[in-house]
Amino acid sequence: MYLEMITKNGLLVIFLLLVLFGVAGCTVSGVGTNADDKREYSGYFSKPKVLGRISDPKIDESSGLAVSPCQKNVFWTHNDSGSGAEIFAIDQTGRTLGRFTVAGATNTDWEDIAIYKSPKGECFLYIGDFGNNAKMRSEHKIYKVREPLAANKGGATERATMIRFSYPDINHDAEAILVAPGEKIYVITKSVSFPAGVYRIDSKTGKAELKGRISVPSLPNGLITGADVTADGKRVVVCDYFGAYEYALSDNAKDFDEIWKSKPKLIDAGKREQGEAVAYSPDGMKIYLTSEKARSPLIEVARKRKG
């Protein structure tokens, strides 16, 4: 079986692998491998709740998700490859607030979106054009654009800045981006065979530097499809097709990159046909998820305690 050829339509193959290898207790929802794991996440997070559904027929592949800290109750999402260079503002019920064309951008294979609030209080969107299922792309793009006002209901954004980058080793596939405090850009690769690589991207030079590797308690363990970071930089959430997982920075850590060495807590992400997007609320107390299928649910998981 050619594992490297598994892409977004290979969920059946992954399920068969779970059966073949007999992963005891590991469910398709990815909530854990045993009862202890289930207790671990249930102690920290509420059960997943569906707030609404993305009913806009123009949003049929919600591949990325970001929640605005500059506009109340505004979420940003976008479609995958094959669509235009557009971002959609939606509310927490999934209702579309506006559709915006990103000026100066093209959509080769958009996979994720992140948002960063500057010390001046300005919000910027980062859109990851780095999907690479066939491993043929050697150069990748990230678009940075000022967050448009959802109240405008549509139109063109300000012109985006394009950041080009290449990996130092091989042509990776990736579906996750996050922007940590200090406007530090990270891309997390997606791998069927290995743990995911965490690369920090230098926006000026385009250099991608490996900062860590992460494995989630699922099979495959590096099939990361989305990510986000809290505004204070103390927590990172990632998701795969099955579940979500949160990393926490220890209180005595001296550098943000120590977070990649922590053990992730499992989060029940609810029922998603093809989970590819995850985002924090601005205060970090809630996690939101969508699915890359038409009429995707918008799922909320609330934090019960901070441990």
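Me: What makes Asp91 count as buried in this predicted model?
Reply: Its relative accessible area is 7%. Buried means under 20%, so Asp91 falls in that class.

Me: And why is Arg95 called partly exposed?
Reply: Arg95 has a relative accessible area of 49%. That value lies between the 20% and 50% limits, so the label is partly exposed.

Me: How do you know that Arg95 and Asp91 form a salt bridge?
Reply: The N to O distance between their side chains is 3.2 Å. The cut-off is within 4 Å, so the pair qualifies.

Me: Why is the contact of Glu209 with Lys211 called a salt bridge?
Reply: Their side chains meet at 3.5 Å, N to O, and the rule asks for within 4 Å, so this pair passes as well. Glu209 is partly exposed at 37%, and Lys211 is partly exposed at 29%.

Me: What makes Lys286 and Glu300 a salt bridge?
Reply: The N to O distance is 3.7 Å, which is within 4 Å, so the pair counts. Lys286 lies in strand S20 (residues 286-291) and Glu300 in strand S21 (residues 297-302), so the bridge ties together parts 14 residues apart in sequence. Salt bridges with shared partners also join Lys49, Lys286 and Glu300 into one network.

Me: How many salt bridges does the rule give?
Reply: The count is 13.

Key. Residues are numbered from 1 along each chain as its sequence is written. This is a predicted model: local features need pLDDT of at least 70, side-chain atom pairs count only at pLDDT 80 or more; totals for chains, interfaces and linings use all residues. Side-chain values use heavy atoms; hydrogens and water are left out. Buried means under 20% relative accessible area, exposed over 50%, partly exposed in between (1.4 Å probe, protein chains only). Helices (H or I, at least four residues) and strands (E, at least two) are DSSP runs, numbered from the N terminus.
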